[in-house]
Amino acid sequence: MPDQDGDRTAGWLTVARDDAPDDPNAVPLPGAAARTREGLFASLATALALPTHFGHNWDALADVLRDRLAAAPLTLRVDDAGQLLADEPAGQYAQLLTVLGEVAADAPHPLRVVLREPPPN
């Protein structure tokens, strides 16, 4: 039987097509606005109404997400996810996934991230 952390993190990341059913409570994040780290942090700050002291770096993102998840679960839906950090080195996308995975593993409430792509033509 999986442990509690295994249950929590097993489905934290999902890749979906635009025609897949949507979670009405998901917070949308446009991938086109998050092609750079600067754009990602600014878009997250707006979409999630992050506090003004958010430091726009990976550690600060982890901290504010944990604070947010102390109050309630969060589903973040990234639309056109193929554009997410597309103008950054590949290591930045990997770093984002690492941060989100670590937060999902130890936050008080569940974090889900849905990466949405348009359906193929």
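Where in the chain is confidence lowest, and where is it highest? Helix α1 (residues 4–9) has the lowest confidence, at a mean of 48. Helix α2 has the highest, at 97. This is a predicted model, and pLDDT is the predictor's confidence in each residue. The mean pLDDT of the chain is 89. Of its residues, 88% reach 70 or more. Over residues 1–7 the pLDDT falls below 50. Beyond near neighbours in sequence, that stretch has two contacts in the model.

**Aromatic residues**

The structure holds two aromatic pairs.

Planes over 60 degrees apart count as edge-to-face. Phe41 sits in helix α2, and Phe54 in the loop between α2 and α3, 13 residues apart. Trp58 belongs to helix α3, so its pair with Phe41 ties together parts 17 residues apart in sequence. Phe41, Phe54 and Trp58 form one aromatic cluster.

Are these residues buried or exposed? Phe41 counts as buried because its relative accessibility is 2%. Trp58 is buried too, at 10%. Phe54 is also buried.

**The cavity**

The structure holds one cavity of 30 Å³ or more. About 90 Å³ of space lies in the largest cavity. Of its 13 lining residues, the closest to the centre are Leu76, Val78, Leu96, Leu100 and Val113. Helix α4 gives the largest share of the lining, three residues. The lining has 13 nonpolar residues, no polar and no charged.

Notes:
Residues numbered from 1 in each chain as written. Predicted model: local features only at pLDDT ≥ 70, side-chain atom pairs only at ≥ 80, totals over all residues. Heavy atoms only, no water. 1 Å grid on protein atoms, 1.4 Å probe; cavity = no way out; pocket = protein on both sides within 12 Å on 5 of 7 lines; lining within 4 Å. Points joined across faces, edges and corners; volume = space filled by probe spheres on them. Helix = DSSP H or I, 4+ residues; strand = E, 2+ residues; numbered from the N terminus. Nonpolar A, V, L, I, M, F, W, Y, C, P; charged D, E, K, R; others polar. pLDDT = per-residue confidence, 0-100. Contact = heavy atoms within 4.5 Å. Phe/Tyr/Trp six-rings, centres within 6.5 Å; stacked < 30°, edge-to-face > 60°. Buried < 20%, exposed > 50% of the residue type's maximum accessible area, 1.4 Å probe, protein only.
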